[in-house]
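Me: I would like to go through this structure step by step. Could we begin with its open spaces and then turn to the helices and strands?

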Amino acid sequence: MLKNYLKIALRQLKKQKMYTAIKVGGFALGIAACLLIALYIRYETSYDQSYPNDSRIYRIVGVTHYNGKVEKGTDFPAPFGKALKNDYPEIEKSGRLMRNQLFYGAGSNEFRPAGKMQNTYETGFVYADQEILDIFGYPAVYGNVKGALLEPHSMVISKRKADKYFPGQNPVGKVIYLNDVKNTPYKITAVIENIPENEHLRDCDFFISLAGRVFGDEETNWNDYNYDSYVLLHAGTNVKQFEKKMSEGMLKRYFLPTMEKAGMSNAAEVVKNASLTLQPVRDINLKSYDVDDGFGNGDIRFVWLFGAIAIFILVIACINFINLSTAKSANRAKEVGLRKVVGSGRGLLINQFLVESIVYSLVSFIIGILLACLALPYFDQLAGKHLTMLFGEWWFIPSMLGAAIIIGIAAGLYPAFYLSSFKPVEVLKGAISNGSKSSFLRNGLVVFQFTTSVILVIGTIVIYNQMQFILNRKLGFNKDQLVMIQGTNTLKDKQVKDFKTELQKLAAIKSVSVSDYLPVNGTKRNGNTFFKEGRDKIDAGVGGQMWQIDNDYIQTLGLKLIAGRNFTPGISSDSTGVIINETMAKKLNLKDPVGKRISNGDLHYVVGVVQDFNFETMKQEIQPIALHWGWSPSIVTVKIGSSDIKNTLAAITATWKQFSNDQPIRYTFMDQEFQLMYTDVQRTATIFTCFAVLAIIIGCLGLFALSAFMAEQRSKEIGIRKVLGATVSSITTLLSVDFIKLVCIAIVIASPIAWWAMNKWLQDFAYRIPIQWWMFVVAGLFAVMIALLTVSFQSIKAALVNPVKSLRSD
C-alpha cells in the first residue's frame, strides 16, 4: 500500500510542474531560513558551557536603583574578591579579572619577545588572579596552569600566540616586554588551549599575574571599582539563599561604612536600593544586555526575535502548502469521488494525501538543506559568527528526517481531511467546483502571510532610518579626516612631543593632539564622582568622566567652546583646571561655571565649558565629563586638511619612521571607528531586510499560484463576461480586487503590531527617531504593489484567453 501511495505522490509531483515548483520552492526557502536561524540560536545558547564546573561558576553583578533608573555593573574594588572568600564558606574559590585600559598592561600593548627587535601590536591582555585559571579550568599545552600566576610578572598565553611568536617551541620560561619597557620583563609560565569563540573571555590571549602588582593603594581601597569578580561555589550550595546572605552582608559590612567614611549623606539610602547578584556563567552572553561589563555579548531578545522570525517564515511556507492544496481541490475532486465509488475509505484517502504531503516535505528539506549549505558563508558574514553545518553530529540527519515528517503531516493534515471529506454524489455533479472558489480559512491564511511580511518591512524601514539618524546626527565633534596613530606610548615622552611637533610642520595637517581619551570605542574611559566645592559631605555626587587632554584637543576634534577659554601653555594654574561639558554644569547646578571649583577628591577650577558631544553610543545619554590638562600619550590624533589622503598618510608614515624603526606605524580613521560602534545595528538592519524579502518572496509565490488556480476556477465565468463585452482591464480588476482587499486587511493588522515592536526596540537608544505615519504608508504601498504585480500577471493572462476555449465544453 505504501508503495502505491508513493507512486501516486510522485505522479502528482510530475503532473503539475508549476504547482510542484512553488510548493517545494517555498517550503525549501522556509526550511533553509529556519535551519540557518536554528544554527545561530544553537551557537548563541552554547556559550560558556565547556568549563569543568560550569554549573557552579558565577559572576558577581552589582545592581543599583537611582532616580528611577536601574544600573547593573561588574566592577568591584580590589579587596572585594578576597573578602568574599574569607567571609563565606560557601565559596570554594574567588578570583579577580581586571581589563581596565587605564592600568598599564591591560587591554592592548606592543608585544616583543626578548631577543627580537620589532614590536607587534596585540590585544587581549588582562590581569588575573591564579584563581581565575583554577575556576575556569583551562587545559595546559605547555607548563602547569596550577600556580602559573602566583609569581609577580608571570604571564600565561594562549596557544595561538605561542605558535605565532614561538613556532615549534615550548615558550615556558621565555621573557617578553610590553611597550618596549625593558625594566619590566614578563616571564611566560604556561600556555593554555585557545579559549573557544563561544566563551565570553574568548578575546583573552594574555593573562598577567596580579600577584605583587600594586596600583596605588588599591589592595585596601574600597572606593575604586576596577575588577570583575568570579566565584566557584561548593557543590550543593543553595544559590538563592546564599545570594541574599552575601548581598546583605557585603553591603552592610564593607560598602556602607566606606560610603559613610567618605561623608556620603545618603549612604544608607544608596545601600538600601542596591544589591549584589550571582549571575551564572552560562547566562553572561545572552542575559547581560543591560549589564555594563565591557564584553561584546549577545542578547537573548534577539535570539527570541530570530526564533520567532524563523517560525513565521516556516508557517508562511506551510500556509502556501495548505492554500494551494485546498485551492486545487476541484482538480482532485473527481479523483476522490471515483476512489470512494470503487470502495476506498476515508482513512485510506487521508493516508494517501498525508504521504503526498510528507513526500513534498522530504523533497523540500533536501533542497532546503542544500540551500542552507550554499547560503551559510554569507549568513556567517551577515551574523558575524562562524557557524558550521552539523552533519558530523549523529542526531542531525535523524532530526531533519523527523522534522520533515512532522512538518509534512502538520502542513498536510487539513488538506487531507478536507479533500477526503468530499461526497461522491456532490463531486460528480460538479458542486465542489463551485464551492472551492472562496474559502474563509484560505483568505485568513493569506492575511497572516502578508501581516508577517508587512511587519518585517516596517521594521526594516524603522531600523534603516534609525541607523541613518545615528550616522548623520550632529555629534558635537567632527569625526571626518581624523587619523588616530596608535601605540605612540612606546616612544619616550620627549619623543612623543617631538613627533607631534614634526607632524604639525606638514602642510597637509591642520592640527595634532596627544590623548588616549577619544569619543570612539577602544579608547580609555574612567569613572569619577564630582561635587561642587564644599558640597561633598552634603550632596549626592555626580558620576562622570575625567579625561586627560592637551591644549590642541579641542581644535583637533572640532569641539565647540561655549564659555571660558581653552588651556593655555605657560599658565601654571591650568594644571589644576578643567573644561567641563554642559551636562556636567547642569548636573552640578553651576549656572555660571567659569571660575567655579569642583572636586573629585582633588579641587579643580573650571576654565571653560564645551558644548555637549556624544562620546559613547547613541544608546546612552550624554554623561558629565571634565577635560583635564594632562599627559596620556598612547594615541596621537591628526586632523588632515588636504584631500590628498594618500600622500598625507605617506608623509605621516615617513615622520613616524624617524622616531621608531622597530615598530610599524598603526593608524585608523575616526569615522571608521565610529561606524564600528554601530555594527550591531547595521547587522540587525541587514538581517531584517533579508528576512523581510524572503517572507515576501515566499508569500508572493503562494499568491501567484493561488491567483493562477482562482483564474482557472473562474475560466468559464471570465469567458461569459468577455462574450458579454467585458474588457481586459475590468476582468483584471475583478480577479485582483479580492486579493488586494486581503493585503489591505493585513496592513491594518500589521501596523499596530509593528509600531509596538519597533517602539520597544527604539527604547534601547537614548537618541532615536520618532515612528512616523509615512513609514506605514510606504510599507503598505510596497505590499500592495508587490501583491498587485503578482496577481495581475495571472489576471491579465486569464483575461486574454479566447472565450471559445473556456466555453467550448459547454
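Predicted model: local features only at pLDDT ≥ 70, side-chain atom pairs only at ≥ 80, totals over all residues.

Me: How many residues line the second largest pocket, and which lie nearest its centre?

Reply: Its lining is made of 23 residues. Those nearest the centre of the pocket are Leu-305, Phe-688, Trp-756, Ala-757 and Met-758.

Me: Let us move to cavities. How many of 30 Å³ or more are there?

Reply: The count is three cavities of 30 Å³ or more. The second largest cavity has a volume of about 40 Å³.

Me: Which residues line the second largest cavity?

Reply: The lining consists of Ile-37, Tyr-40, Phe-306, Phe-379, Ala-383, Ile-687 and Phe-691. The elements that give two or more residues to this lining are α2, α10 and α20 (679-713). By class, the lining of the second largest cavity has seven nonpolar residues, no polar ones and no charged ones.

Me: What is the arrangement of α2 and α10?

Reply: Helix α2 covers residues 17-44 and helix α10 covers residues 346-383. Their axes come within 6 Å and cross at roughly 45°. The two helices, α2 and α10, are therefore oblique to each other. The contact of α2 with α10 has 22 nonpolar, three polar and one charged residues.

Me: Is the crossing of α2 and α10 left-handed or right-handed?

Reply: The crossing of α2 and α10 is right-handed.

Me: How do α3 and α6 pack?

Reply: Helix α3 (residues 79-87) and helix α6 (residues 239-261) pack at an angle of about 120°, and their axes are 12 Å apart. Therefore α3 and α6 are oblique to each other. The crossing of α3 and α6 is right-handed.

Me: Back to α22 for a moment. How does α21 cross α22?

Reply: The axes of α21 (residues 715-723) and α22 come within 10 Å, with a crossing of roughly 150°. An angle over 145 degrees counts as roughly antiparallel, so α21 and α22 are described in that way. The crossing of α21 and α22 is right-handed.

Me: Now the strands. In what order do the four strands of the open sheet stand?

Reply: The order is β15-β23-β14-β24, and the pairing is antiparallel. Strands β15 (509-514) and β24 (666-669) stand at the edges with a single partner strand each, so one side of each has no neighbour in the sheet. On average, neighbouring strands of this sheet are turned by 20° against each other, direction ignored.

Me: What holds strands together in a sheet, in general?

Reply: Strands of a sheet pair through backbone hydrogen bonds, and the pairing may be parallel or antiparallel.

Me: Over how many bridges do β15 and β23 pair?

Reply: Strands β15 and β23 (residues 635-640) pair over five bridges, in the antiparallel sense.

Me: Which residue in β23 is the bridge partner of Ser-513?

Reply: The bridge partner of Ser-513 in β23 is Thr-637.

Notes: Residues numbered from 1 in each chain as written. Heavy atoms only, no water. 1 Å grid on protein atoms, 1.4 Å probe; cavity = no way out; pocket = protein on both sides within 12 Å on 5 of 7 lines; lining within 4 Å. Axes fitted to C-alpha atoms, helices over the stretch in contact; angles between N-to-C directions. Parallel < 35°, antiparallel > 145°, perpendicular 65-115°, else oblique. Left-handed = near helix turned anticlockwise from the far one by under 90°. Nonpolar A, V, L, I, M, F, W, Y, C, P; charged D, E, K, R; others polar. Pairing = 2+ DSSP bridges. Points joined across faces, edges and corners; volume = space filled by probe spheres on them.
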